[in-house]
Amino acid sequence: QVQLVESGGGLVQPGGSLRLSCAASGSIFRFSAMNWYRQAPGKERELVASIAGFSTNYADSVKGRFTISKDNAKNTLYLQMNNLKPEDTAVYYCNAIGSLDIKWGQGTQVTVSS
């Protein structure tokens with residue numbers, strides 16, 4: 001079974017940038033869509049960005065600041081996050097939707113603080 005492993009989180013100052021990666025243990029080509037979610041303390045998990053084929057979508061709160069992309073050859077999903085704000089602090093999870101299954105990674109912590 002394909003497993004997803006996120007990396008790239010950490011502590012960054014407001015206005016800074018991070019790039020999250022989600023490495024799959026197998027081919028991601030079979031997934032119809034891949035997504036980034038986040039969950040802040042005391043809040044529900046929310047969809048941040050999604051990619052399906054060549055189509056991308058973003059939550060209003062991150063439009064213009066975050067970019068989702070994937071490299072099928074490397075079996076990796078990315079989330080480039082620029083101009084980070086304290087309200088972006090959360091655990092970020094990648095998610096992959098297949099025809100028969102849905103995969104989740106274990107999450108990576110992003111903390112935006114001065």
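**Disulfide**

I started with the cysteines in this predicted model. Cysteine 22 and cysteine 94 are joined by a disulfide, with 2.1 Å from S to S. I searched the whole structure and got one disulfide. I then looked up where the two ends sit: cysteine 22 is in strand S3, residues 18-24, and cysteine 94 is in strand S9, residues 90-97. The pair therefore ties together parts that are 72 residues apart in sequence.

Next I checked the handedness. The torsion about the S-S bond of cysteine 22 and cysteine 94 comes out at about 55°, so I noted the disulfide as right-handed. Are the two cysteines buried or exposed? Cysteine 22 is buried, and cysteine 94 is buried too.

**Chain overview**

I stepped back to the whole chain. The protein chain has 11 strands and zero helices. Read from the N terminus, the elements go β-β-β-β-β-β-β-β-β-β-β.

I wanted to know how the overall dimensions fit the chain length. For 114 residues, a compact globule would have a radius of gyration near 13 Å, and the protein chain has 13 Å, so the two agree. Along the principal axes, the C-alpha atoms fill a box of roughly 40 × 25 × 25 Å.

Of the 114 residues, 43% count as buried. The protein chain exposes about 6200 Å², and carbon and sulfur atoms supply 50% of that area. For contacts with a separation of 6 or more, I found that 53% come from residues 24 or more positions apart.

**Strand S1**

I went to strand S1, residues 4-7, and asked which residues make up its covered face. Leu4 and Glu6 are on the covered face, while Val5 and Ser7 are on the uncovered one. S1 runs antiparallel to S3, and four bridges join the two strands.

**Salt bridges**

I moved on to charged side chains. Side chains of opposite charge can pair when their charged atoms come close. My count came to six salt bridges, and I followed up some of them.

One of them is between arginine 30 and aspartate 101, whose side chains meet at 3.1 Å, N to O. Arginine 30 is in the loop between S3 and strand S4 (33-39), and aspartate 101 is in the loop between S9 and strand S10 (102-104), so this pair ties together parts that are 71 residues apart in sequence. I looked up accessibility for both ends. Arginine 30 has a relative accessible area of 42%, so I have it down as partly exposed. Aspartate 101 is also partly exposed, with 22%.

Then I took glutamate 46 and arginine 38, whose side chains meet in a salt bridge at 2.7 Å, N to O. Glutamate 46 is at 33% relative accessibility and so counts as partly exposed. Arginine 38 has a relative accessible area of 5%, so that end is buried.

Aspartate 88 and arginine 65 were next, with their side chains meeting in a salt bridge at 2.8 Å, N to O. Aspartate 88 lies in the loop between S8 and S9, and arginine 65 lies in the loop between strand S6 (55-58) and S7, so they tie together parts that are 23 residues apart in sequence. Aspartate 88 and arginine 65 are both buried. I followed the shared partners: Arg38, Glu46, Arg65 and Asp88 are joined by salt bridges into one network.

**Two asparagines with positive phi**

Last, I looked at backbone angles. Asparagine 75 is not a glycine, yet it has a positive phi of about 50°. Where does asparagine 75 lie? Asparagine 75 is in the loop between strand S7 (66-71) and strand S8 (76-81). Its relative accessibility is 19%, and buried means under 20%, so I wrote asparagine 75 down as buried.

Asparagine 83 also turned up, with a positive phi near 50° in a residue other than glycine. This one is in the loop between S8 and S9, the loop that also holds aspartate 88. Asparagine 83 has 42% relative accessibility, so it counts as partly exposed.

Methods: Residues numbered from 1 in each chain as written. Predicted model: local features only at pLDDT ≥ 70, side-chain atom pairs only at ≥ 80, totals over all residues. Heavy atoms only, no water. Disulfide = S-S within 2.5 Å. Buried < 20%, exposed > 50% of the residue type's maximum accessible area, 1.4 Å probe, protein only. Pairing = 2+ DSSP bridges. Rg over C-alpha atoms; globule rule 2.2 N^0.38 Å. Contact = heavy atoms within 4.5 Å. Areas by Shrake-Rupley, 256 points an atom, 1.4 Å probe, with all protein chains shown as cover. Salt bridge = Lys/Arg side-chain N within 4 Å of Asp/Glu carboxyl O.
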